[in-house]
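Work through the exercises below with the sequence and the coordinates open. Each task is followed by a solution in steps.

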Amino acid sequence: HSYHPPVRNVDIPSATRLAKRLYNLEGFKKGDISRHLSKNNDFSKAVADEYCKMFEFSEQTLDEALRYFLSKFCLLGETQERERVLLHFSKRYLESNHHLRGHTFQSNDSVHTLTCAIMLLNTDLHNPNLQQRKMSPKEFVENLTELNDGHNFPSELLFSIYSAIKLEPIQLVEDDAEDIYEPEPEPVPEPTSGSPERSANNASRQSAAAAAAVSRPAGPALLASTVNLSGQQSGGVNPFLNLPSDDSSVDYKRGFVIRKSCFDANGKKTKLGKRGWKMFYLTLRDLVLFCFKDEQSAGSFGAFDNPNIAIRIHHAIAYQAADYRKKKNVFRLLTADRAEFLFQTSDEQELHAWLDTINTVVARFSSPQLPAPVSNSTKFQRPLFPSSCSRLSLTDQLTSHKTQLSQIQQQLNQSWENVPHTTTTAGRKAFPDPEKELFLRREVERYNVYIRSLENLLAKNQKQLLSSPLKLLAS
C-alpha cells in the first residue's frame with residue numbers, strides 16, 4: 001500500500017515555514033494545528049510532512065511516541081480528518097525507527113493500523129461514560145490478527161502497549177478556543193503568488209465566524225471515512241476503512257433518479273450553484289451509493305474507481321420526504337458525515353423499493369458504533385461510526401440494534417431524570433444538553449428503522465427473496 005500520492009507543484013519552502021510556525025505556535029493556537037494538518041490537499045500534506053519532521057521518535061515505543069506527538073496540539077475534526085493526521089505520524093514514526101520495518105511493522109500502513117487501535121483501546125479503557133465490559137489484553141491482540149499487512153504484530157509488543165495504556169491513559173490536549181470547529185473548504189494553494197501561511201492564518205482567525213454561521217442541527221452521526229474505491233485501503237487496514245472490492249461486492253439496486261444536494265459533509269449547506277436537481281443513474285454497491293451520469297458510464301472500465309461520484313451510506317437513514325411538497329415521490333438520505341440529499345423516483349413503487357433496499361442494506365451491514373474519544377471536555381461528543389461491514393449474523397445484527405436502541409433510550413431517560421427543576425419560558429422542563437437530546441432522538445429514529453428493516457427481512461419467505469438481491473442479506 002502506498003502512503004499517499006507524491007506532492008506535486010507545491011511551494012515546499014512555504015510549507016516548511018508554515019510547519020515551523022505551527023510547531024512553535026507563532027500566531028497559532030494548539031487548536032489550529034490539527035485543522036491544517038488534516039486537510040486533504042497537496043499543500044496541507046506537505047505542511048503535515050514538514051511538521052512531523054520536527055519530531056524525533058527514535059528508540060521510543062509507539063505508544064510513547066504517540067503520547068508525545070498528541071501532547072503538542074489538539075486533535076480535532078471528523079474521524080477521517082484525525083486519521084489523516086495519524087497517517088502522517090505513522091510515516092514519521094517508521095522513518096525514525098527504520099530498523100523496525102519488515103520485522104515489527106511491515107509498512108507505514110501497519111503502524112497506522114496499530115495507532116488507530118491504540119486510540120480505540122484508550123477510549124475503551126478510560127472513557128467514564130462506557131458501561132460495557134472493558135477490552136481484555138487477549139481481545140486486544142485477537143482484534144489485530146493479521147492486520148500487520150497480512151502478518152501478526154509481535155504479541156509481546158501488543159501486551160506491552162495494552163499494559164501501558166491501561167496504566168496511564170493518553171490525555172488529549174483540549175482546544176484553547178471556546179468555539180466549535182467547523183471544517184473549511186480545502187482550496188489548493190497556488191505555488192507562485194501569495195503567501196500560503198498568511199492565508200492559512202487568516203482562515204484560522206475566521207473559523208469561529210464560519211462555525212457560527214452554520215445553524216443547521218447536526219445529523220445522526222459523525223463518521224465518514226476517506227473514500228478510495230480502487231480496491232485498496234487508504235492508510236491500511238483499520239476499523240474505519242473497509243471498502244468495496246470488485247471481486248466480492250454486490251450491487252443491490254440500480255436505476256435512474258433525480259438528485260438534489262442539500263447539505264455537504266459536516267452539515268455545511270451546499271453552495272447555491274450545486275443544489276439543483278440533476279438526473280443520475282444510481283448503483284447501490286455494498287455500503288456505497290454510486291451516482292453515474294448515465295447507464296453507459298456505469299458499465300465503463302474503472303467506473304467504480306471514481307470517489308467523486310460515491311456516497312458512503314454506512315449508518316445512514318433514508319425516509320420519505322413528506323415535508324417536501326415541490327415534487328412527488330421524493331425520499332431524503334441522511335449520511336453518517338451529516339450530508340443530506342433528496343432523490344426523486346419515477347413512481348411511488350420505485351420510491352419504496354429504494355427506501356427498503358437502502359435501509360435494509362445499511363441495517364444489515366453497519367457495524368456497531370464505537371464510543372466517543374476520551375476527552376476532558378464537558379461538551380457532548382458523538383460516538384464513532386465505523387464504515388467497515390459488520391460480520392454479525394442477521395439475527396445477531398438485529399439483536400445488536402435492539403441493544404443499542406435500549407441503551408440510547410436509557411440515556412435519554414437518565415438525562416431527563418437528572419434535569420433540575422428549571423423550566424423554559426413555555427413552562428416545560430429544559431433538557432440539560434439540547435445538542436445531545438437532538439442526537440439521541442435521531443438515533444432512536446434511526447435504530448427503529450433498522451430494526452423494522454431486518455424484522456421485515458426475516459419475515460419474508462424464500463419465494464419472496466428468490467428474485468431479490470436482498471436474499472444475500474438473509475444469512
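**Exercise 1.** Which residues of the largest nonpolar core touch the most other members?

Solution. The model is a predicted one.
Step 1: the core has 49 residues, and those that touch the most other members are Tyr51, Phe69, Leu70, Tyr93, Phe105, Leu114 and Phe140.
Step 2: at least two residues of this core come from each of α1 (12-24), α2 (30-37), α3 (42-52), α4 (62-70), α5 (79-96), α6 (108-126), α7 (137-143) and α8 (155-167).
Step 3: α6 gives the largest share, 7 residues.
Step 4: apart from neighbours within four places in sequence, the contacts of Tyr93 are Phe57, Gln60, Thr61, Leu62, Ala65, Leu100, Phe105 and Val111.
Step 5: a separate second core has 41 residues, including Phe280, Leu287, Phe385 and Leu412.

**Exercise 2.** Find the parts of the chain that the salt bridges of Asp49, Glu56 and Asp251 connect.

Solution. The structure has 14 salt bridges.
Step 1: Asp49 pairs with Lys91 through their side chains, at 3.9 Å from N to O. Asp49 belongs to helix α3 and Lys91 to helix α5, so the pair links distant parts of the chain, 42 residues apart. Asp49 is buried at 15% relative accessibility, given that the cut-off for buried is under 20%.
Step 2: the side chains of Glu56 and Arg92 form a salt bridge of 3.4 Å, N to O. Because Glu56 sits in the loop between α3 and α4 while Arg92 is in helix α5, this bridge ties together parts 36 residues apart in sequence. Glu56 is partly exposed at 46% relative accessibility, whereas Arg92 is buried at 14%.
Step 3: in the bridge between Asp251 and Arg285, the closest N and O atoms are 2.7 Å apart. Asp251 is in strand β1 (residues 251-263) and Arg285 in strand β2 (residues 278-285), so parts 34 residues apart in sequence are tied together. Arg285 is buried, at 12% relative accessibility.

**Exercise 3.** Compare the span of helix α11 with the expected value, then list its buried residues.

Solution. 
Step 1: α11 covers residues 348-365, which is 18 residues. From first to last C-alpha α11 reaches 26 Å, close to the 26 Å expected at 1.5 Å a residue.
Step 2: the buried residues of α11 are Leu351, Trp354, Leu355, Thr357, Ile358, Asn359, Thr360, Val361, Val362, Ala363, Arg364 and Phe365.
Step 3: at the start of α11, the backbone nitrogen of Gln349 has a side-chain oxygen of Asp347 within 3.2 Å.

Conventions:
Residues numbered from 1 in each chain as written. Predicted model: local features only at pLDDT ≥ 70, side-chain atom pairs only at ≥ 80, totals over all residues. Heavy atoms only, no water. Helix = DSSP H or I, 4+ residues; strand = E, 2+ residues; numbered from the N terminus. Expected span 1.5 Å × (residues − 1). Buried < 20%, exposed > 50% of the residue type's maximum accessible area, 1.4 Å probe, protein only. Polar contact = N/O pair within 3.5 Å; in protein donor to acceptor, adjacent residues only side chain to side chain. Core = buried A, V, L, I, M, F, W, Y, C linked by side-chain atoms within 4.5 Å. Contact = heavy atoms within 4.5 Å. Salt bridge = Lys/Arg side-chain N within 4 Å of Asp/Glu carboxyl O.
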